[in-house]
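Here is a short report on helix packing.

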Amino acid sequence: MVTAMPEIVYWYFSFLCFCFGACVGSFLNVCVYRIPQELSVVAPRSYCPHCKAGIAWYDNVPLLSFLMLRARCRKCGARISPRYFLIELLTAVLFLVVWLKYDQFGGLPLGLAPLHDNRISLVFIYWLATGGLLLGTFVDLEHMIIPDRVTIGGVIAGLILSTIFPEMHGQSVYYHGLARSAIGAAVGGGMLWGVAVVGSWIFKKEAMGMGDVKLLAAIGAFLGWASVLFCIVFSSFVGAIVGVSLVISRRKAMQSRIPFGPYLALAAQVWMLWGPVIVAWYLNLLLWRGGTGLPV
Ligand SMILES: [Zn+2]
(Lines give C-alpha, C1' and ligand atoms only; values in the text may rest on other atoms or scores of the structure.)
Protein backbone atom coordinates (compact mmCIF):
# COMPACT_ATOMS: atom_id res chain seq x y z
CA MET A 1 0.00 0.00 0.00
CA VAL A 2 1.62 3.23 -1.14
CA THR A 3 0.58 6.42 0.57
CA ALA A 4 0.48 9.43 -1.70
CA MET A 5 2.45 12.49 -0.71
CA PRO A 6 2.75 15.54 -2.97
CA GLU A 7 6.08 15.28 -4.77
CA ILE A 8 7.31 18.68 -3.62
CA VAL A 9 6.68 17.70 0.02
CA TYR A 10 8.52 14.44 -0.56
CA TRP A 11 11.61 16.18 -1.90
CA TYR A 12 11.46 18.74 0.88
CA PHE A 13 11.47 15.88 3.42
CA SER A 14 14.34 14.26 1.51
CA PHE A 15 16.32 17.48 1.86
CA LEU A 16 15.54 17.62 5.60
CA CYS A 17 16.73 14.01 6.00
CA PHE A 18 20.03 14.95 4.35
CA CYS A 19 20.44 17.97 6.68
CA PHE A 20 19.50 15.89 9.72
CA GLY A 21 22.09 13.28 8.67
CA ALA A 22 24.75 16.00 8.39
CA CYS A 23 23.93 17.14 11.96
CA VAL A 24 24.11 13.57 13.25
CA GLY A 25 27.42 13.20 11.40
CA SER A 26 28.69 16.30 13.18
CA PHE A 27 27.78 14.69 16.52
CA LEU A 28 29.43 11.41 15.42
CA ASN A 29 32.66 13.37 14.84
CA VAL A 30 32.56 14.47 18.46
CA CYS A 31 31.93 10.85 19.54
CA VAL A 32 34.78 9.47 17.40
CA TYR A 33 37.15 11.98 18.99
CA ARG A 34 35.94 11.74 22.59
CA ILE A 35 34.67 8.18 23.27
CA PRO A 36 38.09 6.47 22.94
CA GLN A 37 39.48 9.07 25.39
CA GLU A 38 36.58 8.38 27.77
CA LEU A 39 35.48 12.03 27.61
CA SER A 40 31.84 13.16 27.84
CA VAL A 41 30.20 13.56 24.44
CA VAL A 42 27.88 16.38 25.58
CA ALA A 43 30.09 18.68 27.68
CA PRO A 44 32.15 20.79 27.17
CA ARG A 45 31.10 22.39 23.88
CA SER A 46 33.09 21.70 20.73
CA TYR A 47 36.64 23.02 20.83
CA CYS A 48 39.65 23.05 18.52
CA PRO A 49 41.85 20.05 19.45
CA HIS A 50 44.93 22.19 18.68
CA CYS A 51 44.39 25.55 20.49
CA LYS A 52 41.44 24.39 22.67
CA ALA A 53 39.48 27.54 21.75
CA GLY A 54 35.70 27.04 21.80
CA ILE A 55 34.04 26.84 18.38
CA ALA A 56 31.25 29.37 17.75
CA TRP A 57 27.96 28.01 16.39
CA TYR A 58 28.53 29.70 13.00
CA ASP A 59 31.84 27.84 12.68
CA ASN A 60 30.14 24.59 13.65
CA VAL A 61 27.51 24.26 10.90
CA PRO A 62 27.79 20.75 9.43
CA LEU A 63 29.45 20.56 5.99
CA LEU A 64 29.25 24.33 5.33
CA SER A 65 31.63 25.57 8.04
CA PHE A 66 34.37 23.20 6.92
CA LEU A 67 34.15 24.66 3.40
CA MET A 68 33.85 28.30 4.58
CA LEU A 69 36.86 27.98 6.91
CA ARG A 70 38.80 26.11 4.17
CA ALA A 71 39.58 23.34 6.66
CA ARG A 72 41.40 25.63 9.12
CA CYS A 73 40.65 26.73 12.69
CA ARG A 74 39.53 30.39 12.74
CA LYS A 75 41.61 31.11 15.87
CA CYS A 76 44.93 29.32 15.36
CA GLY A 77 44.81 28.29 11.71
CA ALA A 78 45.50 24.61 12.49
CA ARG A 79 44.31 22.21 9.79
CA ILE A 80 40.98 20.50 10.43
CA SER A 81 41.09 16.86 9.36
CA PRO A 82 39.03 16.14 6.22
CA ARG A 83 37.62 13.24 8.26
CA TYR A 84 35.17 15.72 9.83
CA PHE A 85 33.75 16.67 6.45
CA LEU A 86 33.80 13.07 5.22
CA ILE A 87 31.81 11.71 8.19
CA GLU A 88 29.21 14.50 7.90
CA LEU A 89 28.78 13.94 4.17
CA LEU A 90 28.66 10.16 4.49
CA THR A 91 26.08 10.29 7.30
CA ALA A 92 23.97 12.81 5.37
CA VAL A 93 24.00 10.68 2.20
CA LEU A 94 23.23 7.44 4.07
CA PHE A 95 20.38 9.05 6.03
CA LEU A 96 18.94 10.26 2.74
CA VAL A 97 19.26 6.83 1.10
CA VAL A 98 17.61 5.11 4.11
CA TRP A 99 14.74 7.61 3.82
CA LEU A 100 14.40 6.81 0.10
CA LYS A 101 13.48 3.23 1.10
CA TYR A 102 10.18 4.68 2.34
CA ASP A 103 8.13 4.12 -0.80
CA GLN A 104 5.84 6.97 -1.87
CA PHE A 105 5.36 6.55 -5.60
CA GLY A 106 5.41 2.78 -6.10
CA GLY A 107 9.04 2.42 -7.18
CA LEU A 108 12.34 3.04 -5.45
CA PRO A 109 15.53 4.60 -6.87
CA LEU A 110 18.96 2.86 -6.75
CA GLY A 111 17.32 -0.59 -6.76
CA LEU A 112 16.65 -0.20 -3.03
CA ALA A 113 14.63 -2.84 -1.23
CA PRO A 114 11.37 -1.39 0.17
CA LEU A 115 10.76 -1.34 3.92
CA HIS A 116 8.70 -4.19 5.34
CA ASP A 117 5.04 -3.10 5.03
CA ASN A 118 6.43 0.36 4.15
CA ARG A 119 6.65 1.09 7.89
CA ILE A 120 8.23 4.46 8.56
CA SER A 121 9.38 3.24 12.01
CA LEU A 122 12.09 1.30 10.14
CA VAL A 123 13.55 4.54 8.75
CA PHE A 124 14.31 5.76 12.28
CA ILE A 125 15.66 2.36 13.36
CA TYR A 126 17.93 2.14 10.31
CA TRP A 127 19.16 5.68 10.97
CA LEU A 128 20.13 4.60 14.48
CA ALA A 129 21.88 1.49 13.12
CA THR A 130 23.65 3.57 10.44
CA GLY A 131 24.95 5.97 13.09
CA GLY A 132 26.24 3.09 15.20
CA LEU A 133 27.98 1.45 12.24
CA LEU A 134 29.67 4.73 11.24
CA LEU A 135 30.81 5.33 14.81
CA GLY A 136 32.22 1.80 15.09
CA THR A 137 33.92 2.13 11.69
CA PHE A 138 35.76 5.37 12.34
CA VAL A 139 36.81 4.55 15.92
CA ASP A 140 38.11 1.18 14.67
CA LEU A 141 40.03 2.80 11.80
CA GLU A 142 41.72 5.20 14.18
CA HIS A 143 42.15 3.21 17.40
CA MET A 144 41.77 -0.46 16.38
CA ILE A 145 38.95 -0.90 18.90
CA ILE A 146 35.18 -0.84 18.61
CA PRO A 147 33.59 0.77 21.69
CA ASP A 148 31.29 -1.45 23.80
CA ARG A 149 28.71 1.34 23.62
CA VAL A 150 28.36 0.50 19.93
CA THR A 151 28.60 -3.30 20.14
CA ILE A 152 27.04 -4.35 23.47
CA GLY A 153 24.80 -1.27 23.33
CA GLY A 154 23.83 -2.37 19.81
CA VAL A 155 22.87 -5.88 20.96
CA ILE A 156 20.69 -4.50 23.77
CA ALA A 157 19.10 -1.84 21.54
CA GLY A 158 18.52 -4.45 18.82
CA LEU A 159 16.74 -6.83 21.21
CA ILE A 160 14.53 -4.09 22.71
CA LEU A 161 13.65 -2.46 19.38
CA SER A 162 12.91 -5.85 17.75
CA THR A 163 10.41 -6.53 20.53
CA ILE A 164 8.67 -3.17 20.12
CA PHE A 165 8.98 -3.14 16.30
CA PRO A 166 8.85 -6.81 15.15
CA GLU A 167 8.58 -5.47 11.56
CA MET A 168 12.39 -5.17 11.75
CA HIS A 169 12.38 -8.92 11.09
CA GLY A 170 9.27 -9.00 8.92
CA GLN A 171 7.17 -10.13 11.90
CA SER A 172 4.01 -8.74 13.47
CA VAL A 173 4.04 -10.39 16.93
CA TYR A 174 6.39 -8.92 19.53
CA TYR A 175 7.91 -12.19 20.77
CA HIS A 176 8.60 -13.32 17.19
CA GLY A 177 10.58 -10.09 16.75
CA LEU A 178 12.48 -10.71 19.98
CA ALA A 179 13.18 -14.35 19.03
CA ARG A 180 14.52 -13.40 15.58
CA SER A 181 16.71 -10.73 17.13
CA ALA A 182 18.10 -13.12 19.77
CA ILE A 183 18.82 -15.76 17.11
CA GLY A 184 20.55 -13.12 14.96
CA ALA A 185 22.72 -11.99 17.88
CA ALA A 186 23.59 -15.58 18.83
CA VAL A 187 24.45 -16.61 15.24
CA GLY A 188 26.47 -13.40 14.70
CA GLY A 189 28.41 -13.56 17.94
CA GLY A 190 28.73 -17.35 17.88
CA MET A 191 30.11 -17.70 14.35
CA LEU A 192 32.82 -15.05 14.71
CA TRP A 193 33.62 -16.26 18.21
CA GLY A 194 34.22 -19.68 16.67
CA VAL A 195 36.51 -18.10 14.06
CA ALA A 196 38.35 -16.24 16.84
CA VAL A 197 38.89 -19.40 18.91
CA VAL A 198 39.94 -21.62 15.99
CA GLY A 199 42.08 -18.80 14.51
CA SER A 200 44.03 -18.13 17.68
CA TRP A 201 44.52 -21.87 18.09
CA ILE A 202 45.95 -22.27 14.54
CA PHE A 203 47.95 -19.04 14.28
CA LYS A 204 48.97 -18.92 17.96
CA LYS A 205 47.96 -15.25 18.13
CA GLU A 206 44.78 -13.22 18.16
CA ALA A 207 43.21 -13.72 14.72
CA MET A 208 39.98 -11.85 15.35
CA GLY A 209 39.27 -9.14 17.91
CA MET A 210 36.43 -9.59 20.38
CA GLY A 211 35.17 -6.17 19.21
CA ASP A 212 34.40 -7.71 15.79
CA VAL A 213 32.60 -10.64 17.47
CA LYS A 214 30.40 -8.26 19.49
CA LEU A 215 29.81 -6.03 16.46
CA LEU A 216 28.46 -8.93 14.39
CA ALA A 217 26.23 -9.94 17.33
CA ALA A 218 24.80 -6.38 17.29
CA ILE A 219 24.30 -6.56 13.51
CA GLY A 220 22.47 -9.88 13.94
CA ALA A 221 20.27 -8.42 16.70
CA PHE A 222 19.17 -5.61 14.35
CA LEU A 223 19.10 -7.34 10.98
CA GLY A 224 18.62 -11.07 11.69
CA TRP A 225 20.63 -14.26 11.08
CA ALA A 226 20.55 -14.05 7.25
CA SER A 227 22.33 -10.68 7.42
CA VAL A 228 25.07 -12.35 9.49
CA LEU A 229 25.82 -14.92 6.78
CA PHE A 230 25.90 -12.17 4.16
CA CYS A 231 28.18 -10.00 6.33
CA ILE A 232 30.72 -12.78 6.82
CA VAL A 233 30.91 -13.59 3.08
CA PHE A 234 30.83 -9.96 1.87
CA SER A 235 33.27 -8.54 4.45
CA SER A 236 35.80 -11.36 3.93
CA PHE A 237 35.63 -10.84 0.17
CA VAL A 238 36.01 -7.04 0.28
CA GLY A 239 38.54 -7.28 3.12
CA ALA A 240 40.67 -9.71 1.11
CA ILE A 241 40.63 -7.48 -1.99
CA VAL A 242 41.54 -4.35 -0.01
CA GLY A 243 44.14 -6.20 2.11
CA VAL A 244 45.89 -7.69 -0.94
CA SER A 245 45.87 -4.30 -2.74
CA LEU A 246 47.43 -2.63 0.30
CA VAL A 247 50.16 -5.25 0.49
CA ILE A 248 50.84 -5.08 -3.27
CA SER A 249 50.98 -1.26 -3.19
CA ARG A 250 53.37 -1.69 -0.22
CA ARG A 251 51.29 0.46 2.10
CA LYS A 252 50.96 -2.41 4.55
CA ALA A 253 53.25 -5.28 5.48
CA MET A 254 51.94 -8.83 5.09
CA GLN A 255 51.71 -9.31 8.87
CA SER A 256 50.26 -5.91 9.81
CA ARG A 257 46.88 -5.89 11.45
CA ILE A 258 44.06 -4.30 9.45
CA PRO A 259 40.83 -3.50 11.32
CA PHE A 260 37.97 -5.78 10.25
CA GLY A 261 35.11 -3.80 11.84
CA PRO A 262 34.75 -1.36 8.91
CA TYR A 263 34.18 -4.26 6.48
CA LEU A 264 31.51 -5.77 8.70
CA ALA A 265 29.88 -2.34 9.02
CA LEU A 266 29.96 -1.82 5.24
CA ALA A 267 28.40 -5.25 4.69
CA ALA A 268 25.66 -4.53 7.26
CA GLN A 269 24.90 -1.20 5.57
CA VAL A 270 24.65 -2.88 2.15
CA TRP A 271 22.30 -5.48 3.65
CA MET A 272 20.18 -2.79 5.33
CA LEU A 273 19.64 -1.07 1.98
CA TRP A 274 19.46 -4.00 -0.46
CA GLY A 275 19.09 -7.19 1.64
CA PRO A 276 15.90 -8.67 0.12
CA VAL A 277 17.08 -7.70 -3.39
CA ILE A 278 20.32 -9.61 -2.81
CA VAL A 279 18.43 -12.69 -1.55
CA ALA A 280 16.10 -12.62 -4.57
CA TRP A 281 19.06 -12.26 -6.94
CA TYR A 282 20.91 -15.14 -5.30
CA LEU A 283 17.89 -17.48 -5.31
CA ASN A 284 17.25 -16.58 -8.93
CA LEU A 285 20.83 -17.41 -9.79
CA LEU A 286 20.52 -20.85 -8.15
CA LEU A 287 17.22 -21.57 -9.93
CA TRP A 288 18.48 -20.38 -13.28
CA ARG A 289 21.61 -22.50 -13.05
CA GLY A 290 19.57 -25.47 -11.89
CA GLY A 291 17.12 -25.02 -14.77
CA THR A 292 19.74 -24.83 -17.54
CA GLY A 293 21.81 -27.72 -16.26
CA LEU A 294 24.92 -25.59 -15.84
CA PRO A 295 27.25 -26.56 -13.02
CA VAL A 296 26.05 -24.95 -9.80
ZN1 LIG B 1 42.53 26.18 16.89
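## H1 against H4

H1 passes H4 in a right-handed crossing. A crossing is right-handed if the near helix is turned clockwise from the far one by less than a right angle, and left-handed if anticlockwise. Helices are DSSP runs of H or I with at least four residues, numbered from the N terminus. The model is predicted: local features need pLDDT of at least 70, side-chain atom pairs count only at pLDDT 80 or more, and totals for chains, interfaces and linings use all residues. Residues are numbered from 1 along each chain as its sequence is written.

The axes of H1 (residues 7-34) and H4 come within 10 Å and cross at roughly 35°. Axes are lines fitted to C-alpha atoms, for helices over the stretch in contact, and angles run from 0 to 180 degrees between N-to-C directions. H1 contributes Val24, Leu28, Cys31 and Val32 to the contact, and H4 contributes Gly131, Leu134, Leu135, Phe138, Val139 and Glu142. Contact requires C-beta atoms, placed from the backbone, within 7 Å. By class, this contact of H1 with H4 has 8 nonpolar, 1 polar and 1 charged residues. Ala, Val, Leu, Ile, Met, Phe, Trp, Tyr, Cys and Pro count as nonpolar; Asp, Glu, Lys and Arg as charged; the others, Gly among them, as polar.

## H3 against H4

H3 (residues 82-100) and H4 (residues 121-143) have axes that come within 10 Å and cross at roughly 155°. H3 and H4 are therefore roughly antiparallel, a term for angles over 145 degrees, while those under 35 count as roughly parallel. H3 passes H4 in a right-handed crossing. On H3 the contact uses Ile87, Leu90, Thr91, Leu94, Phe95, Val98 and Trp99; on H4 it uses Val123, Tyr126, Trp127, Thr130, Leu134 and Phe138. The classes are 11 nonpolar, 2 polar and no charged residues.

The 19 residues of H3 should span 27 Å at 1.5 Å a residue, and its end C-alpha atoms are 27 Å apart, which agrees. The expected span is 1.5 Å times one less than the number of residues. Buried residues of H3 include Tyr84, Glu88, Ala92 and Val97. Buried means 20 or more other C-beta atoms within 10 Å of the residue's own.

## H6 against H8

The axes of H6 (residues 174-203) and H8 come within 8 Å and cross at roughly 25°. H6 and H8 are therefore roughly parallel. Ile183, Gly184, Val187, Gly188 and Met191 of H6 meet Trp225, Ser227, Val228 and Ile232 of H8. This contact has 6 nonpolar, 3 polar and no charged residues.

H8 (residues 225-248) has 24 residues and reaches 35 Å from first C-alpha to last, close to the 34 Å expected. Ser227, Val228, Phe230, Cys231 and Ser235 of H8 are buried. Just after H8, Arg250 takes a positive phi of about 60°.

## Two buried residues

Tyr126 lies in H4. Tyr126 is buried, with 23 other C-beta atoms within 10 Å. Beyond four places in sequence, Tyr126 touches Val98 and Met272. Tyr126 and Lys101 are 25 residues apart in sequence and 10 Å apart, C-alpha to C-alpha.

Ala268 lies in H9 (residues 261-292). Ala268 counts as buried, with 30 C-beta neighbours inside 10 Å. Setting aside neighbours within four places in sequence, Ala268 contacts Leu133, Ile219, Leu223, Ser227 and Cys231. Ala268 and Val228 are 40 residues apart along the chain, with C-alpha atoms separated by 8.2 Å.

Notes: Angles under 35 degrees count as roughly parallel, over 145 as roughly antiparallel, 65 to 115 as roughly perpendicular and the rest as oblique. A residue is buried if 20 or more other C-beta atoms lie within 10 Å of its own, exposed if 12 or fewer, and partly exposed in between; C-beta atoms are placed from the backbone.
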